[in-house]
Amino acid sequence: MKTPDSTSTHEAWVLCLILGIIMLNFPFLQIFNTDRSIFGIPILIFYFFIGWPISILVIFLFVNRMQAKEPDKSRDEGHK
Amino acid sequence: MISPLIVTLVSIGYFALLFGVAYYADTRCNSGRSLINNPYIYSLSLGVYCTSWTFYGSVGLAATSGLDFLPIYLGPTLIAFTWWFLLRKMVRVSKDQNIVSIADFISSRYDRSSGLGALVTLISVLGIMPYIALQLKAVARTFDLLISPTTVAEVGLQDLFPVLPGYVDTAFVMALVLSLFGVLFGARHLDASERHEGLVAAIAFESIVKLIAFLAVGVFVTFGLFDGFGDIFNRFAQQFPERLSLFRLDTEAIPYTKWFTLTFASMMAIMFLPRQFHIMVTENADEKHIKEAMWRFPGYMFLLNIFVIPIALGGLLLNGGDTSQADYFVINLPLAAGHPWLALLVFIGGFSASAGMVMVSSITLSTMILNHLIMPLILRLNVNINDFSAILINLKRFGIFAVVFLGYFYYRVIGDSYALANMGLISFIAASQFAPAVIGGLYWKRANKKAALVGLILGFLFWFYTLLVPSFVLSGWMESSILDLGPFGIGLLRPLQLFGLTGFDIWSNSLFWTMFFNLGAFLALSFFCKQKSDEREHALLFVDAYAETQVPGQRRRISKAPTIMEFVELMSKFIGEKPANTAITAYLQDQEINSRGSMADHEVPALKAFTERTLAGYVGAAPAKIILDNYLSTRGSEMEDVFDIFGSVTLSRTASRDQLSVLYEAAKIVSRGSDLDKTLNGLLNLLMQQFRFDLCVIRFLDEQAMSLVVRAQMGMTSTHFGESERNLDRDTYIGTTFLSNTATVVNDTEYLDKLESAQIIHREKIQSFAHSPIIVEGEPVGVISAFSRTSKGIFTDEFIALLNNLARQVGIAWRNHQQLVKLLSAREQERDLEIAKTIQRSLLPAGIPELSNVDLAGICVPTHAVGGDYYDFIRRPNGALDLVVADVSGHNIGSALIMAETRTFIQAMRQIEHPYAMLDELNRFFCEDLSRADLFVTMFYLQYHPQTGQLLYANAGHNKPVLWRSQSGTCEMLDGDGLILGIKPDIDFEQRECILSIDDILVLYTDGVTEAEDHNEEFFGELRLCALIEEYHHLAATELIDQILEQIRIFTGNRHFIDDVTLVVMKVIHQNSLNIAAKQQTIK
């Protein structure tokens, strides 16, 4: 692919990055920084280990959407 | 406790397996079915990020300080969001430029600076060598733990094999093995830009092994030793309620600032650690793999971290809260629980983590040291070696050993200390220093070499001062006073509270100050320092990495250029003959080579750039540049900017801007010049000034001669060459250019196919030339030509585009000129007409003479163009009245003047009694003037004697006047023989006469009346005129004229007459009848 992605995809990635940085830093983390726990697991740890796979899922969905937009490019991936 | 023999055997077996995997991958690669060219392997190979520091250290951190192991993985997950543009751009640029390492990347971006390359290498080595030591330590320590878990003291191989010399311990053997692996996988042959398929496959395999091992021990601890996650947390909460802060942030151990710092540093580390750069960028097989790795790699890290806290808590619970061995819980727990095979698996996993990191780092660092420290040195010293390639590969192999063993000695000398344990993070912050130079370099054109260099130096110095110095102090090798009181007792300079900034942990303090100075200097200097054109060109290769067209090198030429074979020889010297031949064959496939096997002049710089790029793949960008520069300078060849030949214009990637400026200048000249020759000379002057031509010529088509005639010329004084006309045929290049309406370029005049042109061109020693047609509204009107006596191959496509544009400007100037000429003549005519009109109007009688028995009226309706109509009344002393109507041919000042003369003549000659005599005199007087001016005059001359009613008249070819007889009620036409005035000098004019009676009406007119046309192009004619007079005979003379004019207008259907319309009406009346009419009017 020669051309860079459309600006909107580009911006969406940057937006996700900023959102991620906010959600993984003070003061957002302060919400979960308590002694409470869920299913016996401290709530902060619970937050990290739920939020993390969710962010991975977001990337996964995004990537898949990108691939759906350029189907032939992902197809020749295997035998190049 | 496991038998050392078993551990050794298993380890050796694992080495063999790894090597088998690598070997298999290499074989597959050679047979063209790459094993690693898929997103799974790529994603797994990124796992080299997770070293033994992760494998063992995460649990240790979780058990002692809490959640601060997490940011190390959360940061990379976050930065993965940017991979599709940031990482992909890095990969794209690196592939285009044959970049092989982070040092190469930064050096290439900033004008292939050797200084920057060396600096990055230095920082990397200092930052990472101890990190290697940490890996060796981990492997050695776990090996020892396996064979004698009870002994805390290091036993190592010494106890097992007492024959070994004293310095050989487990770590030494590991260092040896890992170096060997590095050489086998990474330095069997030289090309660094070629991917190391075996190495990547081995790394990916190791990533799987370490994941499986860690998951296995995690499941074992969580579900074997305990009853699931909840159970561990609950029991921990009960047993160590005072340690619940391990699950919290904002604690003494992990303030939010530290949390942020760790996240940021790991974001940078995953991108810019040399080994990460190598695996992610250099070893990337396909950009599309990035897309997959964006979620697979974070997923991998997530899996690797699920059990970190459970294992840590389990370890604490089982060890009674003792954290001294927390780093080895992973291996100790299965050992203590009596599962040595699981422990062995863990050991293999940990070994994998260490081995991967050590191999990749050592290969990368070795390449960097070779390319950026040793090569520039060798080249500077000008060592004369015929075959560099063998030396280079051996140097690289040696480098790998050197790096690993430096790590080993570091470990031996420094041992277990603060400095070693925290080396991971220290190197993360070191890698962060590359961020401004790399990211800024990728997205900011103005980022320049000086800025990157100063930024990196400052970042490095502050890194050293705020991290390494304190870690040395904490390890006890330096006076602690420097931390407490500052150097020389200056409190402001305390490394951990630099410049009085307190309240930060060591990492945040360091990151803040390094970034503050690094980024600050980078931004400020980029703003305030200018780039050289060369540097800018290289910057564009990075910033505009996705741009379709890249034409580097075209703006230059090489004097005394080496041939293709010489370039190949040069390459062979450094990379070996076979790779050199392969490379050049691939390159030449898409190049045009002329019949003599050499390349066009402007192709050579591209070949030079290719050679440099190829060499860069082996030795790095900066050394490649030095090699090429040295080579060319010893030959006496020089890279000349086209700037040198072409003046101030560079035809390159940035040419469009320069072209625009030339065209802008040209447009200014065109719009300024009113004089065509001045404009053309201005344009040629511009062309000569901007480009060093020997001759520039503009020819225009001479339509009568059907040849191209020189209109403007500048340069070379040879008259024959420039001045000669060119026939409009295809025998010359100029003729062809004109006829085909397309530009002609001859970059080497040794190859000419037009004999006529060739003769002239060879005589004038022209080396190259170009013609471009001057086109106006699609049609050629001329040709603009540029000739060079000095250089071949200077006419690039860009230049021709420029020349075509200039030709268009010339066309505009030419058209402007043509229009101007037309406009001027039109204006002149207009002024003429104005004068003529004024003259004409002044000639017409100012008033109607008052006569007692004649009702007179006359009118001349001039059209917008001047007419030659004229009428006049002349009263004679004897009471007679002369009537004249005349029409002078032509519509300009000349005819107006003739008319004026005629009038003057008639007025002056009123003593001539008879009309015929008057015409005769007039003709005699004017004949010569008129025939010389190609003019003639028609005239009807009458003389009326009111007393007698006698009318004498003579005609000089004028329209016959109408006489309406009141008695008969019919019209007569008056006529007399006679020619038009001005035809010949002697004409006999016949004079006739008749008697007018009361109420007779005489109407004189010009052809504007009878030749007025209607829509069907039918003339108004004399019959209609007669009918009109008959119908309106009762009207007074003025009214009759009005009526006639009105009827003509109705007839033509137009308010305006095409030609001048002149009417003179004379009605014979009683003296009394006029009075009666006047009286009647007053009564009414």
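Reader: Where is Asn98(B) placed?
Author: Asn98(B) sits in the loop between α6 (86–97) and α7 (102–109) of chain B. Keep in mind that this is a predicted model.

Reader: What about the phi of Asn98(B)?
Author: Phi of Asn98(B) is positive, about 60 degrees, although the residue is not a glycine.

Reader: Is Asn98(B) buried or exposed?
Author: Asn98(B) is buried, because 24 C-beta neighbours lie inside 10 Å. The cut-off for buried is 20 or more.

Reader: Now Glu1017(B). Where does that one lie?
Author: Glu1017(B) is in the loop between α40 (1007–1010) and α41 (1021–1031) of chain B. Its phi is positive too, near 60 degrees, and Glu1017(B) is a residue other than glycine.

Reader: And is Glu1017(B) buried or exposed?
Author: Glu1017(B) is exposed, with 6 other C-beta atoms within 10 Å. Exposed means 12 or fewer.

Reader: You mentioned α41(B). What does α41(B) lie across?
Author: Three strands of chain B: β14 (962–965), β15 and β17 (1001–1005). Helix α41(B) runs at about 35 degrees to β14(B).

Reader: What is the strand order in that open sheet?
Author: The order is β9-β18-β17-β14-β15 in chain B. That makes five strands, with antiparallel pairing.

Reader: Which are the edge strands?
Author: β9 (854–861) and β15 (970–973) of chain B. Each of them pairs on one side only. From one strand to the next, the twist averages 15 degrees.

Reader: How many bridges between β9(B) and β18(B)?
Author: Eight, in the antiparallel sense, with β18(B) covering residues 1061–1068. One example: Asp855(B) has Lys1067(B) in β18(B) as its bridge partner.

Reader: Which helix lies across β9 and β18 of chain B?
Author: Helix α42(B), residues 1037–1052. Its angle to β18(B) is about 145 degrees.

Reader: Change of topic. Why is β8(B) largely enclosed by the rest of the structure?
Author: Strand β8(B) spans residues 779–788, and nine of its ten residues are buried, so the rest of the structure largely encloses it.

Reader: What joins β7(B) to β8(B)?
Author: Nine bridges, with β7(B) (residues 768–776) and β8(B) running antiparallel. Phe769(B) is opposite Phe787(B) in β8(B).

Reader: How many residues between β7(B) and β8(B)?
Author: Two, and the strands form a hairpin. In the turn, Glu777(B) has a positive phi of about 50 degrees.

Reader: How does β3(B) pair with β8(B)?
Author: Over six bridges, antiparallel, with β3(B) at residues 695–702. In that pairing, Ala786(B) of β8(B) is the bridge partner of Cys696(B).

Reader: How many residues does the contact take from chain A and from chain B?
Author: It takes 35 residues from chain A and 34 residues from chain B. On the chain A side, α1 (7–23), β2 (41–42), α2 (43–69) and α3 (71–75) each supply at least two residues.

Reader: Which element gives the largest share of that side of chain A?
Author: α2(A), with eleven residues. By type, the residues of chain A that touch chain B divide into 21 nonpolar, eight polar and six charged.

How values were computed:
Residues are numbered from 1 along each chain as its sequence is written. Chains are lettered from A and ligands numbered from 1 in the order in which they are written. This is a predicted model: local features need pLDDT of at least 70, side-chain atom pairs count only at pLDDT 80 or more; totals for chains, interfaces and linings use all residues. Helices (H or I, at least four residues) and strands (E, at least two) are DSSP runs, numbered from the N terminus. Two strands pair if DSSP finds at least two bridges between them. Two residues are in contact if their C-beta atoms, placed from the backbone, lie within 7 Å. Ala, Val, Leu, Ile, Met, Phe, Trp, Tyr, Cys and Pro count as nonpolar, Asp, Glu, Lys and Arg as charged, and the others, Gly among them, as polar. Axes are lines fitted to C-alpha atoms, for helices over the stretch in contact, and angles run from 0 to 180 degrees between N-to-C directions.
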